[in-house]
Amino acid sequence: DGNTAYLIRGNSVFQIDLLKGIGTGFLDKGFWEWTQKAQQEYFMLTLLWLLHGHKLYGLHANGLAGHGVGILLVGDTGSGKTTISLSLIMQGWKYLSDDVVLLASDYCGVTATAFQRGFSIDPFLVRHYSVLNKPHKTQIPGDGKVFLDITGLYPNAYLASCVPRILIFPKI
């Protein structure tokens, strides 16, 4: 009916009332055998659906702001969003979030809000950016990526929200 969403994987199911922003979930015992990354993604998708009831919409993008302009880098995994973002942050740009931003409509039009502060990066990138070889990173089990606490490296670069004016669709 357009008011209910179901998130199903195996025998685990979340039913989400999009109008009320509430949900009920049932986790199959096999859920605990999934990789930690798969468990995280299942809960993240559920949370993003629940936020619809509060007029917040998740977008697979990186958010940045610089020179008075907010930008969103939108693209598939491996398209270069994080690489471009790290390069811009090293040049003084502010960042909102890596991989997911929340969009909301308000008096300014559309506002992008940070969803998470850290960056999930391929270890290959760490070898190519010497500044990233600091104790601000941890391995993500089952993912192969490294979680980078970017606030430890660039403490004044975090920005909670911005009004995006430019969308960029990178493809490497």
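Buried here means under 20% relative accessible area, exposed means over 50%, and partly exposed is in between, with a 1.4 Å probe and protein chains only.

Before going on, the ground rules. This is a predicted model, in which local features need pLDDT of at least 70 and side-chain atom pairs count only at pLDDT 80 or more, while totals for chains, interfaces and linings use all residues. Residues are numbered from 1 along each chain as its sequence is written, and side-chain values use heavy atoms, with hydrogens and water left out.

Confidence next. The mean pLDDT (the predictor's confidence in each residue, from 0 to 100) is 84 for the protein, and 92% of the residues score at least 70. Strand S6, residues 69-74, has the highest mean, at 95, and strand S11, residues 137-139, the lowest, at 57. Where pLDDT is low, the predicted coordinates should not be read in detail. Helices (H or I, at least four residues) and strands (E, at least two) are DSSP runs, numbered from the N terminus.

Back to the rings. Rings of Phe, Tyr and Trp (its six-membered ring) pair if their centres lie within 6.5 Å; planes under 30 degrees apart count as stacked, over 60 as edge-to-face, and the rest as tilted. That rule gives 10 aromatic pairs. One of them is Phe-31 with Phe-43, edge-to-face, at 5.4 Å centre to centre and 75° between the planes. Phe-31 lies in the loop between strand S3 (22-26) and helix H1 (36-52), and Phe-43 in helix H1, so the pair ties together parts that are 12 residues apart in sequence. Phe-43 is partly exposed, with a relative accessible area of 38%.

Another edge-to-face pair is Tyr-95 with Phe-119, at 5.6 Å between centres and 80° between planes. Tyr-95 is in strand S7 (residues 94-97) and Phe-119 in strand S10 (residues 119-121), so to speak distant parts of the chain, 24 residues apart. Both Tyr-95 and Phe-119 are buried.

One aromatic cluster takes in Phe-14, Phe-31, Trp-32, Trp-34, Tyr-42 and Phe-43. The charged end of Arg-9 sits over the ring of Trp-34, 4.4 Å from its centre; the rule asks for NZ of Lys or CZ of Arg within 6 Å of the ring centre and within 35 degrees of the ring normal.

Now charges. How many salt bridges does a search of the whole structure find? One, where a salt bridge is a side-chain nitrogen of Lys or Arg within 4 Å of a carboxyl oxygen of Asp or Glu. Asp-99 and Lys-81 meet in a salt bridge, 3.9 Å from N to O. Asp-99 is in the loop between S7 and strand S8 (101-106), Lys-81 is in helix H2, and so the pair ties together parts 18 residues apart in sequence. Asp-99 counts as buried, at 18% relative accessibility, and Lys-81 is buried at 4%.

Lys-81 leads on to H2, residues 81-90, where the buried residues are Lys-81, Thr-82, Ser-85, Leu-86, Leu-88 and Ile-89. Seen down the axis of H2, they fall within an arc of 165°, so they line one face of the helix; the arc is that of the directions from the helix axis to the C-beta atoms. Gly-92, with a positive phi near 105°, follows H2.

Last, strands, which pair if DSSP finds at least two bridges between them. S8 and strand S9 (residues 109-114) run antiparallel, joined by six bridges, with Val-101 partnered by Ala-114 in S9. S9 also pairs with strand S13 (residues 161-162), antiparallel, over two bridges; Thr-113 stands opposite Ser-161 in S13.
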